[in-house]
Amino acid sequence: MYRKKETGQLLLSDFFLPFGGKLNSDNRWVKLSQIIPWDKIEDKYSENFKGIKGNIALSVRVALGSIIIKEKCGFTDEELVEQIQENAYLQYFLGYTEFINSKPFDPSLMVAFRKRISFIDINELMIEISTQPNDCDLYKDSDDNSDNDKPNSGKLIIDATCTPADIHYPTDLSLLNKCREKSEEIIDKLFSQVKEKYSVKPRTYRKNARRDYLRVEKQRKSSKKSIHNVIRKQLNYVGRDLRIIHDLIENGASLSKLSKRQYHDLLVLNEVYRQQLTMFCSCQNSTESRITSISQPHVRPVVRGKASAKVEFGAKISVSVISGFCYIEKLDWENFNEGIYLIESIERYRRQYGCYPEAVLADKIYRNRNNLSFCQEKGIRLSGPKLGRPSKNKIKIEKCILKQDEGERNLIESCFGVGKRRFGLGRIMAKLQCTSETVIALQFLIMNLEHKLKVLFANFAFVLFYYKILEFAEFS
């Protein structure tokens, strides 16, 4: 059934506001603001400001809180400012004492916020949040790290993944074509400074180069020979452009007239040309510290061997999960073997909780001889089958343990899935290396905050249920 209502616009004065002009204490942003230790990061945040002159910067609560809201809800910088302006709960979360109708800050300040809050600061904040009291017995007496007689306790789940950057899928041909286009823009800018010293402008053959590139790029399937030939031509075009730039500089053109972006691109172009020329002459497909993006030269190819993408382009991270909380053990833009860093993760666990873990749940790459001998020495069970022929008497018990470990290790895979599908780990939109690392750490901070809220709700529900049982027992 449908009952037709009046479609006229309601007056603002007739709109009913709940809570009597007060905020609801059960709101998620109100609860979230009580979990985060804002004062812990303020000391390090203040180190970004050395002088005593100039405008007073916004507080760390506004800076960090704005980044958390943006990454949690998936807003753009512009949309974030609009949402904060319209939502009283978001303003309370940022520490405002009253509701304001104006924009709290300019959206461009979000870049400065991400630069000031480093990856290390967020990682320490995650440890502070996860080790707050009343969460788990594992965290009690964790400050006494000198006591080596404590029995092993808890489980350490560890694995590695890649966080892809927001770049065009790189190929050698498309990368060289982009280099050629960038170099031609730089030539136009430099030639305008010294054009009186030249009778004609140096030829770059940009039309021919564009035609050669599109002839292969537009084909549905190109042969290796045709791709090889057009890469050779693009290398010649880029090499000619770089020689022209060098000649213009020798004749008086100044690099100071270039913009910061163009000067940055020029430095990257020379390195990309050197790498591509080396690979072409040696007939190889890889080189050390290979650049895959001109705008983000820190991004590296990471061979993962997954079904969806054999090669991903972004930062590789090693992540551990302890009692539902995620920690970034290592972040690097170069590909690394995560198995050699297991001992460091176990020692970090001991420093944090005062004891070694009872078991380490990891995949086969972590089961090397150094890790196995270290875990055996410390009384730690490393998941996976033992070396050698299995015993007939214990084969059923070992199979049950392996099955249980595989089930528990799925927790870290689910964390990766949630982070990539819901919180943005599947595509890092930040462009700079430092801001990208901050965004990656923020995704795990938000996941830990979500888990913290669930733990607090579970504790509250348990206490409420316990008192209800007591009341029922007294009444009966």
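The expected span of a helix is 1.5 Å times one less than its number of residues; helices here are DSSP runs of H or I, at least four residues, numbered from the N terminus. Before you click, note that this is a predicted model, where local features need pLDDT of at least 70, side-chain atom pairs count only at pLDDT 80 or more, and totals for chains, interfaces and linings use all residues. Residues are numbered from 1 along each chain as its sequence is written, and side-chain values use heavy atoms, leaving out hydrogens and water.

Start with residues 224-250. That's helix H10: 27 residues reaching 39 Å from first C-alpha to last, close to the 39 Å expected at 1.5 Å a residue. Its buried residues (under 20% relative accessible area, 1.4 Å probe, protein chains only) include Val 230, Gln 234, Tyr 237, Asp 241 and Leu 248. Show 172-194, 206-217 and 260-282 too: H10's buried residues pack against these helices, H8, H9 and H11.

Next, select Ile 68, Phe 93, Ile 440, Phe 444 and Leu 445. Of the 63 residues in the largest nonpolar core, these touch the most other members. A nonpolar core is a set of buried Ala, Val, Leu, Ile, Met, Phe, Trp, Tyr and Cys residues joined through side-chain atoms within 4.5 Å. Helix H15 (residues 433-475) gives this core its largest share, nine residues. Apart from this core lies another, of 29 residues, among them Cys 179, Ile 187, Leu 190 and Leu 242.

Last stop: Cys 375, which counts as buried because its relative accessibility is 2%.

Definitions and conventions: Buried < 20%, exposed > 50% of the residue type's maximum accessible area, 1.4 Å probe, protein only. Helix = DSSP H or I, 4+ residues; strand = E, 2+ residues; numbered from the N terminus. Contact = heavy atoms within 4.5 Å.
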